[in-house]
Amino acid sequence: MKTFNSITLIFSLHTLLFIITIPSSHANIFNPNDETLITFTCSKTPYPDLCLRSFKSNLWSDKVDMWGLAGIMLNHAMKVKANTALAKIDQLGASGTGPIQGLFSCNSKYTTILETDIRKAKAAFDKEDPKGAEDSANDAANEASTCETIFPGYLTEENKNMHDVAANAAAIFKLLHS
């Protein structure tokens with residue numbers, strides 16, 4: 001009887017240990033509630049420091065998977081950078097700073113980023129089409145670069161920020177379909 005109780009006790013302890021250790025050993029795979037996923041994801045982008053800053057400024061970043069990170073980059077970081085650039089364009093226009101043609105052109109570029117590129121990327125994202133979202137994010141990066149080419153020096157910081165965030169978003173979308 002003692003042998004049976006000892007075997008039962010050992011079996012029960014092994015089962016309990018198995019139940020406790022299996023989920024915790026897979027926590028990093030299934031539970032991204034740590035910075036490991038963010039660090040990994042950002043290491044695969046062209047501007048990892050900016051990527052990390054973008055996610056650290058969002059309270060939900062450590063609670064989502066890679067799709068969620070892509071969504072944050074698209075719906076938060078890209079929109080903020082585009083709106084910041086448009087606000088600066090309005091400020092420059094109100095003060096009469098810079099050639100009017102360049103201002104109009106950049107206004108058009110950033111309106112396209114917000115109303116076309118980000119919307120297309122979001123529509124592709126919602127359909128779980130990361131390639132389409134990547135293409136639209138790359139379009140936004142190109143629009144920002146074009147603005148800097150046609151209106152150099154006036155929106156350099158905003159153009160760089162928009163380009164870099166959009167390039168990071170594109171890289172994250174690429175990870176999702178690679």
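**Fold and core**

Modeller: From the N terminus on, the protein's elements run α-α-α-α-α-α-α-α. Helices here are DSSP runs of H or I with at least four residues, strands are E runs of at least two, and both are numbered from the N terminus. It's a predicted model, so local features need pLDDT of at least 70 and side-chain atom pairs count only at pLDDT 80 or more, while totals for chains, interfaces and linings use all residues. Residues are numbered from 1 along each chain as its sequence is written, and side-chain values use heavy atoms, leaving out hydrogens and water.

Colleague: How many residues, and what percentage count as buried?

Modeller: The protein has 178 residues, and 37% count as buried, meaning under 20% relative accessible area with a 1.4 Å probe, protein chains only.

Colleague: Which residues have the most contacts inside the largest nonpolar core?

Modeller: Phe55, Met73, Met78, Tyr110, Met162 and Phe173, in a core of 44 residues. Such a core is a set of buried Ala, Val, Leu, Ile, Met, Phe, Trp, Tyr and Cys residues joined through side-chain atoms within 4.5 Å.

Colleague: Which element gives the largest share?

Modeller: α5, with 13 residues.

Colleague: And what does Met162 touch?

Modeller: Beyond residues up to four places away in sequence, Met162 touches Met78, Lys81, Ala82, Tyr110, Ile113, Ala140 and Ala144; contact means heavy atoms within 4.5 Å.

Colleague: Switching to Ser54: why does Ser54 count as buried?

Modeller: Because its relative accessibility is 10%. Ser54 is in helix α4 and, leaving aside neighbours within four places in sequence, contacts Met73, Ala77 and Val165.

Technical notes. Buried < 20%, exposed > 50% of the residue type's maximum accessible area, 1.4 Å probe, protein only.
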